[in-house]
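I would like a close look at one part of this model. Please keep the answer brisk.

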Amino acid sequence: MLDSKLFDHTLLKADATSAQIDKICDEAKQYNFASVCVNSYYTARVRKNLEGTSVMTCTVVGFPLGQMSTKAKAAETKIAVEDGAQEIDMVINVGALKEKAYDVVLEDIKAVKAACGDAHLKVIIETCLLTDEEKVKACELSKEAKADFVKTSTGFSTGGAKPEDVALMRKTVGDTMGVKASGGIHTTQEAESMVNAGANRLGTSATIAIMGN
């Protein structure tokens with residue numbers, strides 16, 4: 001069976017309700033997952049629900065498109081941390097990366113990292129929109145900005161995690177950073193393929209079904 005601490009138990013849908021958030025917090029406590037990952041509106045609620053446990057509160061920033069201003073992302077991060085977020089999953093500015101405005105992408109990540117304080121930072125590079133060369137560059141910039149993880153996908157774009165992307169990301173960052181696979185992971189077999197490719201964190205809303213298999 002996969003280690004429960006591999007999983008960020010995730011609910012990011014626009015119609016997520018308080019009752020649903022409470023439910024995934026209860027599930028995360030039952031299975032002892034790594035974190036519960038939510039939109040910032042629910043950060044404080046999740047942190048309160050998870051108080052006294054080892055399950056962390058994870059909040060997404062600049063989600064899901066990534067083309068918010070850097071100031072907005074940093075402010076959103078600061079508020080999330082104040083509300084109790086222990087991990088931040090930010091989306092890069094994909095358009096800036098694709099037009100090779102690497103200084104923009106780097107400063108964007110650095111600003112969020114600075115706003116994180118002691119919270120861990122995961123950088124979502126949205127692999128489905130990138131060439132392999134761009135994936136490598138996004139990982140290199142994330143590493144330079146001292147992020148803690150690189151992450152494949154939001155799960156809200158044109159595709160999700162693929163083992164070959166995870167392997168490329170792991171090769172690029174080495175063993176000094178985490179690699180999170182997310183988007184489209186629904187079965188134990190899919191989860192195991194990501195771990196075998198080099199992921200040490202998995203983001204999915206199908207966590208209970210995966211753990212039950």
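Q: Which residues line the second largest pocket?

A: The lining consists of His 9, Thr 10, Leu 11, Lys 13, Asp 15, Ala 16, Gln 20, Lys 23, Ile 24, Glu 27 and Ser 205. The model is predicted: local features need pLDDT of at least 70, side-chain atom pairs count only at pLDDT 80 or more, and totals for chains, interfaces and linings use all residues. Numbering runs from 1 along each chain as its sequence is written, and side-chain values use heavy atoms, without hydrogens or water.

This pocket holds about 170 Å³ of space. (A pocket is an open set of points on a 1 Å grid over the protein atoms alone, where a 1.4 Å probe fits, with protein on both sides within 12 Å along at least five of seven lines; lining residues have an atom within 4 Å of a point.) Strand 1 and helix 1 (18-31) each give two or more residues to the lining. (Helices are DSSP runs of H or I, at least four residues; strands are runs of E, at least two.) Helix 1 supplies the largest share, 4 residues. Gln 20, Lys 23, Ile 24 and Glu 27 fall within its range. By class, the lining has 3 nonpolar, 4 polar and 4 charged residues. (Ala, Val, Leu, Ile, Met, Phe, Trp, Tyr, Cys and Pro count as nonpolar; Asp, Glu, Lys and Arg as charged; the others, Gly among them, as polar.) Lys 13, Asp 15, Lys 23 and Glu 27 are the charged ones. Leu 11, Ala 16 and Ile 24 are nonpolar. His 9, Thr 10, Gln 20 and Ser 205 count as polar.

Now compare the largest pocket. Its volume is about 310 Å³, taken as the space filled by probe spheres set on the points. It has 20 lining residues, and Thr 10, Thr 154, Gly 155, Phe 156 and Ser 205 are the closest to its centre. Strand 1 (7-11), strand 7 (178-182) and strand 8 (201-204) each give two or more residues to the lining of the largest pocket. The largest pocket's lining splits into 6 nonpolar, 11 polar and 3 charged residues.
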